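Here are my notes on the model, point by point. Have the structure open while you read.

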Amino acid sequence: MSATQFSYRSETLHELAADVLRHASELGATACETDISESVGQSVTVRRDEVETIEYNRDKGLGVTVYQGQRRGHASSSDFSAAALRATVQAAIDIARYTAPDSAAGLPEKELLARPGVGATGLDLYHPWDLPVEEAIAIARNCERAAFAVSPLVKNSEGASVSVQHSQFVSANSLGFMDGFRTSRHFISCAVIAGENEAMQRDDWYSTKRAAADLAAPEAIGDYAARRALARLRARKLATRRVPVLFEAPLAAALIGHFVHAASGGALYRKSSFLVDSLGKAIFPRHLRISERPHLPRAFASSRFDDDGVATRDREVIEDGILTGYFLSTYTARKLGMQTTGNAGGCHNLIVHPGDLDFQGLLARMGTGLLVTELLGQGVNYLTGDYSRGAAGYWVEGGRIRYPVEEITIAGKLQEMFAGIVAVGNDVLVRGSKQVGSILVEQMTVAGN
């Protein structure tokens, strides 16, 4: 499919946003904000060399939030006709009439908004991939074939997939802000099953980038997915013990995600986070530093403005282990009596600065302990910090991986886990809005049989 197959020009989305704002003013709203978006894409999955699915998606949406004083109403539609735009605004106004006043409701302060027209300039976020479906199928087949070629013990496949996605949007509000841009996101993935006798193990790998040219080779993805599955064969169980735990980079990103959630405005003003009133306090060890960089070219969480239209900026979130900034939207900041940090919609390219050790160096530093490569379940209590997850990975002795392990649980408290981070590896991996290497935690409880 062609990347030029958007149904609407960017200029048309701007015109639609202007129409929404005009309708809101005419219908009596004191303020209004709107988001209008469109996405198109193609996904192909091949399983055991046969085409399993070919999917095309074409979506569009309009969201309108209006304010009548401190009363807020929201409505949405997938119909961009003139009548539907006005009806959607009217629906939002009708809803606002029946909501309770909220002193934190309203648009951001005008001086905090991003300058119109800046948008994604210099961010390099749109790289269309005009990929014929036949070529997508060939890529997926090469990926899966590479996995099967690694070993006859690779017995089955959950499929190899190739996805091409393009989107565009415009955000606007009645304070004069209006901006938007186009983005792309493409990926190649493979998941396979290795078997020996009656034992079966599954693993996967993927690569996702803004530009197709930056994707890993499909053959390398399939090969690595197979080797990961094979390495898990002959897994053992462990007796309960307390040991150091090394979170592989993809899981380290999830660990940092728990910090982001706990330090976000919604959890803080509801007092459902263990990080309430933690600004200026040591959360991590002194060697750890976390930065937010919203303007990195080609990054997945880059933008000149957040979901409120507030200008984003570089900042340090953790310095010398100390929490120097929360993640606040306009609304949550007002609930806390603070100022927005430009994080409506989430964090922007959070970078955990790496240390000097590579992955092998982290294993050596750990000596004896558990390398975790898979987590199961959602056992995180953000109010208390209690953490308990099913896990699988590898037992390490003498700084070397000795054998795979499964059917275990790792447990601790996030406060102690964060404070007990011994090292962050330089094997940095990008997963969504997080960029982090593997993380070594000093000690956790590993429960088994």
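1. A definition to start: buried means under 20% relative accessible area, exposed over 50%, and partly exposed in between (1.4 Å probe, protein chains only). With 57% relative accessibility, Asp-277 therefore counts as exposed. Asp-277 sits in the loop between α6 (265–269) and β8 (290–292); helices (H or I, at least four residues) and strands (E, at least two) are DSSP runs, numbered from the N terminus. The phi of Asp-277 is near 60 degrees, a positive value in a residue other than glycine.

2. Some housekeeping on sources. This is a predicted model, where local features need pLDDT of at least 70 and side-chain atom pairs count only at pLDDT 80 or more, while totals for chains, interfaces and linings use all residues. Residues are numbered from 1 along each chain as its sequence is written, and side-chain values use heavy atoms, with hydrogens and water left out.

3. Have a look at Asp-49 too, in the loop between β1 (31–47) and β2. Its phi is near 75 degrees, again a positive value in a non-glycine residue. Asp-49 counts as partly exposed because its relative accessibility is 27%.

4. Val-51 lies in strand β2 (residues 50–68), and counts as partly exposed because its relative accessibility is 35%. Together with Ile-54 and Tyr-56, Val-51 forms a nonpolar surface patch with about 270 Å² of accessible area. Patches here are made of residues with over 30% relative accessible area and no salt bridge; like charges are joined within 9 Å, nonpolar side chains (Val, Leu, Ile, Met, Phe, Trp, Tyr) within 5 Å. A salt bridge is a side-chain nitrogen of Lys or Arg within 4 Å of a carboxyl oxygen of Asp or Glu. Areas come from the Shrake-Rupley method with a 1.4 Å probe; for residues, only the protein chains shown count as cover.

5. Is Asp-203 buried or exposed? Buried, because its relative accessible area is 8%. Asp-203 belongs to strand β6 (residues 199–209). Leaving aside neighbours within four places in sequence, its contacts (heavy atoms within 4.5 Å) include Cys-190, Val-192, Ala-225 and Arg-232. The side chains of Asp-203 and Arg-228 are joined by a polar contact of 3.4 Å. A polar contact is a pair of N or O atoms within 3.5 Å; within protein, one must be able to donate a hydrogen and the other to accept it, and residues adjacent in sequence count only if both atoms are side-chain atoms.

6. Last, helix α2 (residues 82–97). The buried residues of α2 include Leu-85, Val-89 and Ile-93, and their cover includes α1 (10–26), β2 and β3 (71–77).
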